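I opened my notebook to look up a few things about a structure I had not seen before.

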Amino acid sequence: MKRSLMLCVVLSALASSSAFAQADLAKAKNCMACHAAATKLVGPAYKDVAAKYAGQKGAEDKLVQKVMKGGSGAWGPVPMPANPQVSEAEARSLVKWVLATK
């Protein structure tokens, strides 16, 4: 019982530190200039992105490309500019984080 509780505490701490790391990466790559976790700014809230793409096959790959190359039309007339400062690995990490947003 104590082992299970300790494992839960450790896994929870790792998940929390990962979330903070992704938020820091999003800030460093200027994602937060247009996006926020729960409210629409220039672009959609991360929770809205997660809801829209929940359960969609290929959503992660599609969004990774959108982060790196930009896109338009999915959320209205304001285009999302390409972000050449984000590597594919960073984009994938950010997208996984965004898709996990509740």
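What does the accessible surface of the protein chain come to, and how much of it belongs to carbon and sulfur atoms? I looked that up to begin with: about 6800 Å², with 65% belonging to carbon and sulfur atoms. A reminder to myself: this is a predicted model.

**Entry: the fold.** I went through the elements and found four helices and zero strands in the protein chain. Read from the N terminus, the order is α-α-α-α. I also checked burial, and 29% of the 102 residues count as buried. Then I turned to contacts with a separation of 6 or more: residues 24 or more positions apart account for 47% of them.

**Entry: salt bridges.** How many salt bridges does a search of the whole structure find? I got five. As background, side chains of opposite charge can pair when their charged atoms come close.

**Entry: Lys29 and Glu90.** I looked at this pair next and noted a salt bridge with the closest N and O atoms 3.4 Å apart. Lys29 sits in the loop between helix H1 (2-28) and helix H2 (46-53), while Glu90 is in helix H4 (residues 88-99), so the bridge ties together parts 61 residues apart in sequence. Is Lys29 buried or exposed? I found it buried, at a relative accessible area of 15%. Glu90 counts as partly exposed, with 23% relative accessibility.

**Entry: Arg92 and Glu60.** I moved on to another salt bridge, where the side chains of Arg92 and Glu60 meet at 2.8 Å, N to O. Why does this pair tie together parts that are 32 residues apart in sequence? Because Arg92 lies in helix H4 and Glu60 in helix H3 (residues 59-69). I have Arg92 down as partly exposed, with a relative accessible area of 23%. Glu60 is partly exposed too, and I wrote down 25% for its relative accessible area.

**Entry: Arg92 again.** Arg92 also meets Glu88 in a salt bridge, 3.6 Å from N to O. I checked where they sit: both are in helix H4, four residues apart, about one turn of the helix. Glu88 counts as partly exposed, at 44% relative accessibility.

**Entry: the network.** Which residues are linked with Arg92 in a network of salt bridges? I listed Glu60, Asp61 and Glu88.

Methods: Residues are numbered from 1 along each chain as its sequence is written. This is a predicted model: local features need pLDDT of at least 70, side-chain atom pairs count only at pLDDT 80 or more; totals for chains, interfaces and linings use all residues. Side-chain values use heavy atoms; hydrogens and water are left out. Helices (H or I, at least four residues) and strands (E, at least two) are DSSP runs, numbered from the N terminus. Buried means under 20% relative accessible area, exposed over 50%, partly exposed in between (1.4 Å probe, protein chains only). Contact means heavy atoms within 4.5 Å. Accessible areas come from the Shrake-Rupley method with a 1.4 Å probe; for residues, only the protein chains shown count as cover. A salt bridge is a side-chain nitrogen of Lys or Arg within 4 Å of a carboxyl oxygen of Asp or Glu.
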